[in-house]
Amino acid sequence: MQRGVDVGYGLDTVRGDATHPVNQGLACQRGVSETADPEGEWLTRPLVRRDGELVSTTWDIALARVIENFSDALDTSPHAVAVLGSGQQTNESAYALGKLARGGFGTRYYDANTTLCMASAVTAYYDAFGSDAPPCTYEDIPDAERHVVWGANPAVAHPVMFRWIAQAANEDGKEMVVVDPVETQTAEKADVHVSPDPGGDLALARAVLARVVETDRVDEAFVAEATVGFEDLLADLPDAAEAAAEAGVPMEQVELLADAFDYKTLVYWGMGVNQSVQGTDTAGALIDCCLATGNLRPGSGPFSLTGQANSMGTRVCSSKGGWPGQRDFDDPEARADVAEEWDVPVERLPDDTGPGPVGTVEAIEDGPVDAVYAVATNPVAGMPDATTVAQNLDDAFLVVQDAFMTETAELADVVLPAATWGETEGTTMNMERTVSRVRAASDVPRGVRTDLDIIATLGDRLADGLFGDVTPSSVFDEFVGLTEGTMADCSGISYERLEAETAVRWPAPDTETGGGYRYYRSPDEAEPDTGAVADGGLSPSESWTFPTPSGRARFAGGTGRDLPESPDEAYPLTLTNGREADGYNTGVRSRERDPDAPVARVHPETVAAHEAELAGEERRTRIESRRGAIEARVEPDDSIPEGMVWLSIHHPATNELTVPETDPDSDEPNFKQCAVRFGDGD
């Protein structure tokens, strides 16, 4: 809940809503401070580049320049304009941007930014269940008996949700186990901390599954009735001890993790799993552990943690990996329905979903991308191998639409100032599929326009009146109409219903119902909530139905691919990164434009071994990878494993070092692990 200032623009107070079923009055302090009193440079006027400098201008001049350059590019190819969106938009803005990119331009070079954080989990969910999004909800957290947090630090990144987890795990007979190379704030509060080697998550997950099999703890009835592919999984399953050794974890801890799956277990994972060339396989292995042990009932299951405020909404709304409502991108009927709703020729819609953001930016150098429209995203700081990203974007006609000045905006040819959350009407969707209202608490400052207004204006000028007169509610109604009958059916949700009920979880196919645990049917339920039809043979007491061809869940059994870069003699240290409590994404709301050198957290023994390369009392040094070098201040920290260098993902310098290699299944970059070395501080 927000309250505007008495005079002028901005917010005076931000607090949680005690009536909301998810936060119950709790609020993330990071979001509070960044909304009410942000430190970033607020954009209040359009900017255009003249003689190499960004200068203030009018909206008419700025938009005319965008329209002229985008029109020239689109005359050569629909794929000449790339669009980069964000999980920081409302559902309405995300939907409109996808409509412009896919239906207005027809470009395949479009990404909603969630590929940088959630694509591996999304791919694993589709592979296993035929649908995106966790089967479980927040309501399952109090009922779980074991909470396994893997490659995530929700105490920092998801503080409201972590309150749910910590309270549940503190009850008698319940435990929290954290799997992370680093002793994070979450690990400090856990009953057990398991620390694999960097990049060892897939080997460890397969070791746990192998141990479950070796000790006859498979839920054979569930596997037989509700899954396919288990025999193929067994054929490629490693010896548990060998996989544990590969992961750098003693067998006693593998046994402890295997024991956890004997209980009602929720497995939460985050960027430490997803942001890897093995991300899809590792997420799939965690789902495999749940399937093999029957942990796909209320109070248990695989629960991926989103990386941005509206990652789920962007995935469901934005036409990136599928059409609205999780319609299959390749389905001719779905394509025809979307084209009819948008009133565009079906042949204008691109034939495939295109590459992720790495491939999109590479297409500037290799063709055919000539122009880029970046909305609420900061790829110069947020993408791997950031120096190359900046060089490529600098070669394109770059339009940046954002509320704050960013490293990407500094390279732009046109900057369009957009309203931020407290000035915006719309909806958002959290990681458990719950849709909530976003309400403006302050007027939009003069010189600033909402994302939806800007997108609709460009769409009408560049795509023959694609939008017409729009409001957030009319766009929401159009979106939910397209989801009717789909796996992510939101057709029973309206602004009026949200006003009355505060929040509604999909699937919500009518005005009275809302979704609960997915795929599972208890004995007293007549029909599952997915609407899919199983192929028979299910238990009369409980059953599962999945939107897959067989109606059953599918084991993944991925064996992984080699990590792109391991330490060697030339680069003997391993870089990883993580979130800080006072930062969000690339930190443009919470830091100065020119931040000091980042702090590198390093184990004291590693610091001692490299003392000669550290200068002065602040231990300043250069951290070098094969792609770049940055200056940093080294801080001894025994929560970091020996041989590792930890940097904040929010600092704009961090991604000058990371590798651009991506998961071949999800296109998600390998942010979390690469080889580095210390320089001499020169």
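Arg 561 and Asp 665 form a salt bridge, with 3.3 Å between the closest N and O atoms. The term covers a side-chain nitrogen of Lys or Arg within 4 Å of a carboxyl oxygen of Asp or Glu. Arg 561 lies in the loop between β21 (553-554) and β22 (573-578), and Asp 665 in the loop between β26 (644-648) and β27 (674-678), so the pair ties together parts that are 104 residues apart in sequence. Strands here are DSSP runs of E with at least two residues, helices are runs of H or I with at least four, and both are numbered from the N terminus.

This is a predicted model, in which local features need pLDDT of at least 70 and side-chain atom pairs count only at pLDDT 80 or more, while totals for chains, interfaces and linings use all residues. Residues are numbered from 1 along each chain as its sequence is written, and side-chain values use heavy atoms, leaving out hydrogens and water.

Arg 561 is partly exposed, at 27% relative accessible area. Asp 665 is partly exposed too, at 43%. Partly exposed lies between buried (under 20% relative accessible area) and exposed (over 50%), using a 1.4 Å probe and protein chains only.

Next comes the salt bridge of Asp 596 and Arg 633, at 3.6 Å from N to O. Asp 596 sits in the loop between β22 and β23 (599-602), and Arg 633 in strand β25 (residues 629-636); the pair is 37 residues apart and links distant parts of the chain. Asp 596 is partly exposed at 44%. Arg 633 is partly exposed at 24%.

Glu 618 pairs with Arg 620, with the closest N and O atoms 3.0 Å apart. Glu 618 is partly exposed at 44%. The whole structure holds 33 salt bridges. Some join up: Arg 211, Glu 214, Arg 217, Glu 255, Asp 259 and Asp 262 are linked in a network.

Now turn to two helices. Helix α8 (residues 201-214) packs with helix α14 (residues 279-292) at an angle of about 15 degrees, their axes 9 Å apart. That makes α8 roughly parallel to α14, a label for angles under 35 degrees. The crossing of α8 and α14 is left-handed, meaning that the near helix is turned anticlockwise from the far one by less than a right angle. The contact (heavy atoms within 4.5 Å) includes Leu 202 and Val 208 of α8, and Leu 286 and Cys 289 of α14. The contact residues divide into eight nonpolar, one polar and four charged.

Technical notes. Axes fitted to C-alpha atoms, helices over the stretch in contact; angles between N-to-C directions. Parallel < 35°, antiparallel > 145°, perpendicular 65-115°, else oblique. Nonpolar A, V, L, I, M, F, W, Y, C, P; charged D, E, K, R; others polar.
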